Amino acid sequence: MLFNKVLNSCVANRSIGISASIIDFMIDKKIAIDYLNLQVLITTLGRSGLWTKAREYYKSATALGFYPLFDGKTNPNILYIPSFMSEVEMLMTIEQFMVLNASSIQLQGGCNQSPQIVLKRMEQDNAKSKDSYHASAERLFEASRLSNPRLFIKHMTVNNMNEEVYTFDSNSALKWLNENMKWASSVWYFH
């Protein structure tokens, strides 16, 4: 509790360096980390252009069970993104999905079937207003604008769970893979 209180204070004061040191220590010593503090730090790092460190903490958070880990059973055509994620977390989830499904995406490049994103409604969305879920859709579009090169996504439909479904523009997905596969594969392949 003590480390999480100190971390909370550092995150609230936007002390990125100290927050990062505390999280490094907590991960090293296997001290439970409050997800909200880790989420704020990852988002702050990404927004500050410190993507390497943001991706490192995202991977640590995935290993700690805070994010879904994609496996061989994942449908290579559908990416489920929880609505509670920040735009930075969404972008890293998209990057991971693109790398792990690169061969499928490249094969489909000339086809009409592009990968889809389902913005997953969470229990918190039911307790909050409809604006909360709408804001998550805005964060998804912001995530696509943060990518380099930009990934273009478009709204397709609403599924039977009342979740928004989007699709990747296949040309932008292929361009992203061509320009980023070398570094992204070393970051997102989990060993």
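This is a predicted model: local features need pLDDT of at least 70, side-chain atom pairs count only at pLDDT 80 or more; totals for chains, interfaces and linings use all residues.
**Stop 1: H1 and H2.** Select residues 2-12, which form helix H1, and residues 16-28, which form helix H2. Their axes come within 9 Å and cross at roughly 155°. Angles over 145 degrees count as roughly antiparallel, so H1 is roughly antiparallel to H2. The crossing of H1 and H2 is left-handed. To see the contact, show side chains for Phe3, Asn4, Val6, Leu7, Cys10 and Val11 on H1, then Ile18, Ser19, Ile22, Ile23, Phe25 and Met26 on H2. Colour the contact of H1 with H2 by class: 10 residues are nonpolar, two are polar and none is charged.

**Stop 2: H4 and H5.** Move to helix H4 (residues 51-63) and helix H5 (residues 87-100). The axes of H4 and H5 come within 11 Å, with a crossing angle of roughly 75°. That angle makes H4 roughly perpendicular to H5. On the H4 side, select Trp51, Ala54, Arg55 and Tyr58. On the H5 side, the contact is made by Val88, Glu89, Leu91, Met92, Thr93, Glu95 and Gln96. The residues of the contact of H4 with H5 comprise six nonpolar, two polar and three charged.

**Stop 3: Trp183.** Tryptophan 183 lies in helix H9, residues 170-188. Is tryptophan 183 buried, partly exposed or exposed? Its relative accessibility is 31%, so tryptophan 183 counts as partly exposed.

How values were computed:
Residues are numbered from 1 along each chain as its sequence is written. Side-chain values use heavy atoms; hydrogens and water are left out. Axes are lines fitted to C-alpha atoms, for helices over the stretch in contact, and angles run from 0 to 180 degrees between N-to-C directions. Helices (H or I, at least four residues) and strands (E, at least two) are DSSP runs, numbered from the N terminus. Angles under 35 degrees count as roughly parallel, over 145 as roughly antiparallel, 65 to 115 as roughly perpendicular and the rest as oblique. Contact means heavy atoms within 4.5 Å. Ala, Val, Leu, Ile, Met, Phe, Trp, Tyr, Cys and Pro count as nonpolar, Asp, Glu, Lys and Arg as charged, and the others, Gly among them, as polar. Buried means under 20% relative accessible area, exposed over 50%, partly exposed in between (1.4 Å probe, protein chains only). A crossing is left-handed if the near helix is turned anticlockwise from the far one by less than a right angle, and right-handed if clockwise.
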